[in-house]
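Dear colleague,

I am handing over the structure we spoke about, and my notes on it follow below. Please read them with the model open beside you.

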Amino acid sequence: MIRTADVVIIGGGISGCAIAYNLCKKGVKRVAVIEKGYISSGATGRCGAGIRQQWGTEMNCKISKLSCEFFESAQEELQYEGDIEFKQGGYLIVSSTMKEHEQFKKNVELQNRLGIQSKLLNLEEAKEIVPYLNTDGLISAAFHQKDGHLNPFHATQAFANAAKRLGAEIYTFTEVTGILVENGKIKGVQTSKGDISTNIVVNAAGGYSQLIGNMVGLDLPVYSERHQILVTEPVEPMLDPMVMSFSLNLYCQQVPHGSIIMGRGDEGEPRDLRITSGWHFLEEMAKTITKLLPPLENVRLLRQWAGLYNMSPDRQPIYGSVDEVEGFYLAIGYSGHGFMFGPATGLLMAETILGEETTLPIDMLHINRFKKGELIFEPSVV
Ligand code: FAD
């Protein structure tokens, strides 16, 4: 293991690997990623891996558009030998209340202004895209063809491999056990395989980011919440886009090899880093999804699992430095949409760390927004 690094990144998920790639691409020589499990063993490898540009705030639209455009050329840009399996089958987001319908109108207007070609559909049009959709109780739908899904393991490995080719060191099955701070400045990290001196540490530890914060004496304003998901046996193509409902709190999508992946948010999920999956989720998921897409009643379940959403007070990421510890950076708090933000996270964090002007303005995502009471309201989240 190296003993000195310019930047140490804690976490080998999509965020950590994308940040490493961008730092190396910008010429930083000694970048180390420390991952306590394998690459993508955190939320990244457990997620629904949905990619959408249909958001209700300008900032989220811009971050996801930047990321989505990157994913379109990621295979070449990252020179990945596998297939990242980016499928742009669209996202069909259904509304079931007038409030939601009115919000969709505003969202589509905003998205179109920002160059995202989403549209508002009536139920007949929605059924043309998803013939199996049960429209009882629905009002309308929003659709954007360029949204979709990609393989989270391949996408993250692609960033990791590209970073390694550019000189990054990636240590898997290596745990960061402490962070050395002297006079308010980062001096190094302690790991299960030895210490590394560095002046810059990036906390990209997903659901464990609050524990990393504790290592430098900070009580970060995030918590982790379990979210569950399941996958069915592969079946004939029956569902092209991701189907999503904010009021039913669910999403469902068929992946290229035929399996259908679906998940939902549940009230009262534990916040104690537990990632076991239970019966309640299975029952509620089955009940709600078969109402929306009745043919799924006949599809057999393969397995279910859970992962952690790292939640921030306004359910938006926290990017950037902290006032209390010089050299300590945060890329945390994605609250359920950090996979699709991965490419933007990588670029924007690398620019921030190097003191460059950021491609998109991200000051409003700094941790100080909570002290100032400047929270961001994003209406369109599961
Ligand atoms: P992670 O992938 O969690 O990576 C953090 C890594 O840090 C982990 O691998 C962990 O092992 C490592 N680590 C932690 N502590 C230490 C330590 N002390 N030492 C060394 N390593 C450490 N997002 C979307 O965009 N679209 C979706 O459809 C979507 N669906 C989701 C569905 C579910 C069920 C879940 C749980 C999440 C979903 N998300 C989705 C959210 C998304 O998965 C996360 O926001 C994103 O993967 C965060 O990536 P990350 O790299 O920041 O964190």
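A nonpolar core, as the term is used here, is a set of buried Ala, Val, Leu, Ile, Met, Phe, Trp, Tyr and Cys residues that are joined through side-chain atoms within 4.5 Å. Please keep in mind throughout that this is a predicted model.

By that definition, the largest nonpolar core has 59 residues, and those with the most contacts inside it are Ile-9, Leu-23 and Tyr-319. Two or more residues of this core come from each of strand S1 (7-10), helix H1 (14-25), strand S2 (31-34), helix H3 (58-77), H6, strand S19 (328-332) and helix H9 (342-353). The element that gives the most to this core is H1, with eight residues. As general background, nonpolar side chains in soluble globular proteins tend to be buried together.

There is also a nonpolar patch on the surface, formed by Tyr-38, Phe-153 and Phe-173, which together have about 340 Å² of accessible area. Of these residues, Phe-153 lies in helix H6 (residues 152-165), and Phe-153 counts as partly exposed because its relative accessibility is 40%, where partly exposed covers the range between the buried limit of 20% and the exposed limit of 50%.

Turning to the strands, I would point you to an open sheet of three strands in the order S9-S10-S11, paired antiparallel. Its edge strands are S9 (176-182) and S11 (194-197), each of which pairs on one side only, and neighbouring strands of this sheet are turned against each other by 25° on average, with direction ignored. Strand S10 (residues 185-191) runs antiparallel to S11 and is joined to S11 by four bridges; Val-189 stands opposite Ile-196 in S11.

Finally, two backbone angles deserve a look, given that most residues other than glycine have a negative phi. Ser-40 has a positive phi, near 75°, and is placed in the loop between S2 and helix H2 (43-46). Is Ser-40 buried or exposed? Ser-40 is buried, because its relative accessible area is 2% and the limit for buried is under 20%. Leu-273 likewise has a positive phi, near 70°, and sits in the loop between strand S16 (260-264) and helix H8 (279-292). With a relative accessible area of 29%, Leu-273 is partly exposed.

With best regards

Conventions: Residues are numbered from 1 along each chain as its sequence is written. This is a predicted model: local features need pLDDT of at least 70, side-chain atom pairs count only at pLDDT 80 or more; totals for chains, interfaces and linings use all residues. Side-chain values use heavy atoms; hydrogens and water are left out. Two strands pair if DSSP finds at least two bridges between them. Axes are lines fitted to C-alpha atoms, for helices over the stretch in contact, and angles run from 0 to 180 degrees between N-to-C directions. Patches are made of residues with over 30% relative accessible area and no salt bridge: like charges are joined within 9 Å, nonpolar side chains (Val, Leu, Ile, Met, Phe, Trp, Tyr) within 5 Å. Accessible areas come from the Shrake-Rupley method with a 1.4 Å probe; for residues, only the protein chains shown count as cover. A salt bridge is a side-chain nitrogen of Lys or Arg within 4 Å of a carboxyl oxygen of Asp or Glu. Buried means under 20% relative accessible area, exposed over 50%, partly exposed in between (1.4 Å probe, protein chains only).
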